[in-house]
Amino acid sequence: MRKILTLVLGFLLVSLSALAQGTLAKKMQAMGYLNLKTLDSTLVIDLMYTRADNFTGVVLYEDLTEAYLYPTAARAVVKAQQALHKIHPDYNLKICDASRPMSVQKKMYDVVRGTPKNIYVSNPANGGGLHNYGLAVDVTIVDKNGKELDMGTKVDHLGKEAHINTEAAMVQAGTISAQAKKNRELLRQVMREAGYKPLQSEWWHFNFVTRAEAKAKYKVLNF
């Protein structure tokens, strides 16, 4: 009887979880995308666009709390987490954004359209960016208490302080600390080891393939 009750309870929990999933999650699942948390439970998922404290000032994901990626890109994040654990067993990757529907991309671009900050948001009219193909991830590192490591700026900071090609000069100028630079380098190390490439203008953004390859071989999340 106990075994039957356990099976029934498990079935109910799975069913409730499925009912709780929003429309965006279901669409991504239908495309074969993988939920990062189901691949590695140690990953910290905290999508920044589920809250209004992002650069747009509004909530962009009203029914999405899970991070999905194209399968190969998703498994690479797990490899990066494993690489991080080899160096710092108490650290974890924190996923701040993953696959992003084009409808959300349009809302984001409308905020920066016609401003100097438009260079930080891929134009939907030009095919968007790698997030829109499920092949990019915004990520940082947290310690054993869940506190983000110092990276010099918060994730989603649209400005030169987030650039990675001038970090040495920024340390000398006191714009970011030497420890922040080391933390960024650690993040890049584990992400590169997993096959991801950093974006010069955003220390937290990593692409799994090139934009040309994405457009040629993958489907955009056009919803």
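Which residues do ring pairs link into a cluster? Ring pairs link Tyr33, Tyr70 and Tyr218. The exercises below build up to such details.

The model is predicted, so local features need pLDDT of at least 70 and side-chain atom pairs count only at pLDDT 80 or more, while totals for chains, interfaces and linings use all residues. Residues are numbered from 1 along each chain as its sequence is written, and side-chain values use heavy atoms, with hydrogens and water left out.

**Exercise 1. Work out the strand order of the open sheet and its edge strands.**

Step 1. Helices (H or I, at least four residues) and strands (E, at least two) are DSSP runs, numbered from the N terminus.

Step 2. Apply the pairing rule. Two strands pair if DSSP finds at least two bridges between them.

Step 3. Read the order. The open sheet has five strands in the order 2-4-5-7-6, with mixed pairing. Strand 2 (44-45) and strand 6 (197-199) are the edge strands, each pairing on one side only.

**Exercise 2. Describe the pairing and burial of strand 5.**

Step 1. Take strand 4 as partner. Strand 5 (residues 136-142) pairs with strand 4 in the antiparallel sense over five bridges. Leucine 93 stands opposite isoleucine 141. Lysine 94 stands opposite threonine 140.

Step 2. Take strand 7 as partner. Strand 5 and strand 7 are antiparallel over three bridges. Here alanine 136 stands opposite asparagine 207.

Step 3. Check burial. Buried means under 20% relative accessible area, exposed over 50%, and partly exposed in between (1.4 Å probe, protein chains only). In strand 5, seven of its seven residues are buried.

Step 4. Axes are lines fitted to C-alpha atoms, for helices over the stretch in contact (heavy atoms within 4.5 Å), and angles run from 0 to 180 degrees between N-to-C directions. Helix 4 (residues 71-87) lies across strand 4 and strand 5, at about 145° to strand 4. Helix 7 (residues 178-193) lies across strand 4, strand 5, strand 6 and strand 7 (202-207), at about 130° to strand 5.

**Exercise 3. Characterise the surroundings of arginine 100.**

Step 1. Locate the residue. Arginine 100 is in the loop between strand 4 (92-97) and helix 5 (102-112).

Step 2. Arginine 100 counts as buried, at 5% relative accessibility.

Step 3. Find a polar partner. A polar contact is a pair of N or O atoms within 3.5 Å; within protein, one must be able to donate a hydrogen and the other to accept it, and residues adjacent in sequence count only if both atoms are side-chain atoms. The side chains of arginine 100 and aspartate 97 make one at 2.8 Å.

Step 4. List contacts beyond neighbours within four places in sequence. Arginine 100 touches Tyr49, Tyr61, Gln105, Met108, His131, Asn132, Asp138 and Leu221.

**Exercise 4. Classify two aromatic pairs.**

Step 1. State the rule. Rings of Phe, Tyr and Trp (its six-membered ring) pair if their centres lie within 6.5 Å; planes under 30 degrees apart count as stacked, over 60 as edge-to-face and the rest as tilted.

Step 2. Count. The rule gives five aromatic pairs.

Step 3. Take tyrosine 49 and tyrosine 61. Their ring centres are 6.0 Å apart and their planes stand at 85°, so the pair is edge-to-face. Both sit in the loop between strand 2 and strand 3 (68-69), 12 residues apart. Tyrosine 49 is buried at 1%, and tyrosine 61 is buried at 2%.

Step 4. Take tyrosine 70 and tyrosine 218. This pair is edge-to-face, with 5.0 Å centre to centre and 85° between the planes. Tyrosine 70 is in the loop between strand 3 and helix 4, and tyrosine 218 is in the segment after helix 8 (211-217), 148 residues apart. Tyrosine 70 is partly exposed at 29%, whereas tyrosine 218 is buried at 19%.
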